[in-house]
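Dear colleague,

I am handing over the structure below, and after it you will find notes on what turned up. Please read them alongside the coordinates.

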Amino acid sequence: MIPTSILRRSLGAVADLAKIWFESRTELKTRDIFDAKGQLNDNGTGAVYVYFNENNEALYVGLTSRHVKARLYDQTSPHKQKLWWGQWQTMRFLQISDDMDRQILEFLLILAYAPTCNQKPKAKNLDELLPN
């Protein structure tokens, strides 16, 4: 039987690699670039994104199957109404058209960045992930 601790460590290592991979394929976008029309270069095919505060700490990791800006006014989770929205200074996003790929990357980035404002998934701490 494989101990849960080995699986947790493996997931942690994969999450760290996913973060490096994500950062190597994205660039920081400022709020000015985000707000400017047509400057984000988002083709609307879906993306995984991370918003950071002024200390480069991750506030929120998310995904969308549409344009990143569409989440501002989403009826189920309008980012513009969230407390963290006024705190972000930079963001990164990576366009990924496949839904399962987006979900996997989002989960791994949540584990790697441990964003302060994500409510899901519950287990951001690997020691709490999966039963023993």
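**Pocket, buried arginine and helix packing**

A pocket here is an open set of points on a 1 Å grid over the protein atoms alone, where a 1.4 Å probe fits, with protein on both sides within 12 Å along at least five of seven lines, and lining residues have an atom within 4 Å of a point. The model is predicted, so local features need pLDDT of at least 70 and side-chain atom pairs pLDDT 80 or more, while totals for chains, interfaces and linings use all residues. Numbering runs from 1 along each chain as its sequence is written, and side-chain values use heavy atoms, without hydrogens or water.

The volume of the largest pocket is about 390 Å³, and β3 contributes most to its lining, with three residues.

Arg71, in the loop between β3 (58–64) and β4 (90–95), counts as buried because its relative accessibility is 10% (buried means under 20%, with a 1.4 Å probe and protein chains only). Beyond its neighbours within four places in sequence, Arg71 has contacts (heavy atoms within 4.5 Å) with residues including Tyr49, Tyr60, Ser77 and His79.

Helix α1 (residues 4–24) packs against helix α3 (residues 99–113) at about 100 degrees, with the axes 8 Å apart, so the two are roughly perpendicular (65 to 115 degrees). Among the residues making this contact are Leu11 and Trp21 of α1 and Leu105 and Tyr113 of α3.

Best regards

How values were computed:
Axes fitted to C-alpha atoms, helices over the stretch in contact; angles between N-to-C directions. Helix = DSSP H or I, 4+ residues; strand = E, 2+ residues; numbered from the N terminus. Parallel < 35°, antiparallel > 145°, perpendicular 65-115°, else oblique. Buried < 20%, exposed > 50% of the residue type's maximum accessible area, 1.4 Å probe, protein only. Points joined across faces, edges and corners; volume = space filled by probe spheres on them.
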